[in-house]
Amino acid sequence: MTQPPQLSAPPARSRKAGIAKIVVIAAVVIALGTGAVYWFVSRDDIDRAEVGDCLTNDGNLIFPDLRVVGCDGDDAAFKVVRVLPDTKDTSRCQGLTDIGFNEELDRNRHRSGKQYVLCLNGIKR
């Protein structure tokens with residue numbers, strides 16, 4: 001009588017490989033979480049701009065992406081001269097400053113209703 005071929009047992013997973021996989025997954029989750037928190041916290045700092053703050057534009061003139069920076073940095077392009085809350089009328093900056101920037105905050109695709117105009121002067125170097 002011939003014996004049926006025996007199946008070998010699958011190799012035992014090493015405990016170290018399982019722990020290493022968990023560590024890698026945890027590191028990725030932490031990195032993504034940290035990046036998301038940084039993005040969320042820094043994305044609307046322009047709405048906290050005050051008179052005297054300096055700004056840089058990470059976007060362009062058509063789609064500006066302004067953020068507050070130190071006035072002594074090379075990336076400082078504008079200085080806030082006046083903040084006009086609860087309006088989108090940039091004409092109120094005419095005669096006062098070089099440019100008026102208006103914003104209406106959009107959080108999670110729902111309008112918050114907060115709108116404002118920043119009257120800005122270009123920083124000449």
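Which residue forms a disulfide with Cys54, and how far apart are their sulfur atoms?

Analyst: Cys54 pairs with Cys71, and the two sulfur atoms are 2.0 Å apart. A word on the ground rules before we go on. This is a predicted model, so to speak of a local feature takes a pLDDT of at least 70, side-chain atom pairs count only at pLDDT 80 or more, and totals for chains, interfaces and linings use all residues. Numbering starts from 1 along each chain as its sequence is written, and side-chain values use heavy atoms, with hydrogens and water left out.

Back to the bond. A disulfide is a covalent bond between the sulfur atoms of two cysteines; here the call is made when a pair of cysteine sulfur atoms lies within 2.5 Å. The Cys54 and Cys71 link is right-handed, with 100 degrees about the S-S bond. It joins distant parts of the chain, 17 residues apart: Cys54 belongs to strand β1, while Cys71 is in the loop between β2 (66-69) and β3. Helices and strands are DSSP runs numbered from the N terminus (helices H or I, at least four residues; strands E, at least two).

Cys54 counts as buried because its relative accessibility is 1%, whereas Cys71, at 36%, counts as partly exposed. Buried means under 20% relative accessible area, exposed over 50%, and partly exposed in between, with a 1.4 Å probe and protein chains only.

There are 2 disulfides by this rule. The other one joins Cys93 and Cys119, with sulfur atoms 1.9 Å apart. Its torsion about the S-S bond is about -75 degrees, so this disulfide is left-handed. Cys93 lies in the loop between β3 and β4 and Cys119 in strand β5, so the pair ties together parts 26 residues apart in sequence. Cys93 and Cys119 are both buried. Number the bonded cysteines in sequence order and the pairing reads 1-2, 3-4.

Now for the setting. The protein chain has 1 helix and 5 strands, running α-β-β-β-β-β from the N terminus on. The largest nonpolar core has 10 residues: Ile46, Ala49, Leu55, Leu66, Phe78, Val80, Phe101, Tyr116, Leu118 and Leu120. Strands β3 (78-85) and β5 (110-122) each supply at least two residues of this core, and β5 gives the most, with 3 residues. Such a core is a set of buried Ala, Val, Leu, Ile, Met, Phe, Trp, Tyr and Cys residues joined through side-chain atoms within 4.5 Å.

Leaving out residues up to four places away in sequence, Ala49 touches Leu55, Val68, Val80, Val83 and Leu118, where contact means heavy atoms within 4.5 Å. Next along, Glu50 sits in the loop between α1 and β1 (54-57). Glu50 is exposed, at 53% relative accessibility. Beyond its neighbours within four places, Glu50 is in contact with Val80 and Val83. The C-alpha atoms of Glu50 and Lys79 are 9.5 Å apart, though 29 residues separate them along the chain.

Asp86 isn't a glycine, yet has a positive phi of about 55 degrees. Asp86 is exposed, with a relative accessible area of 65%.
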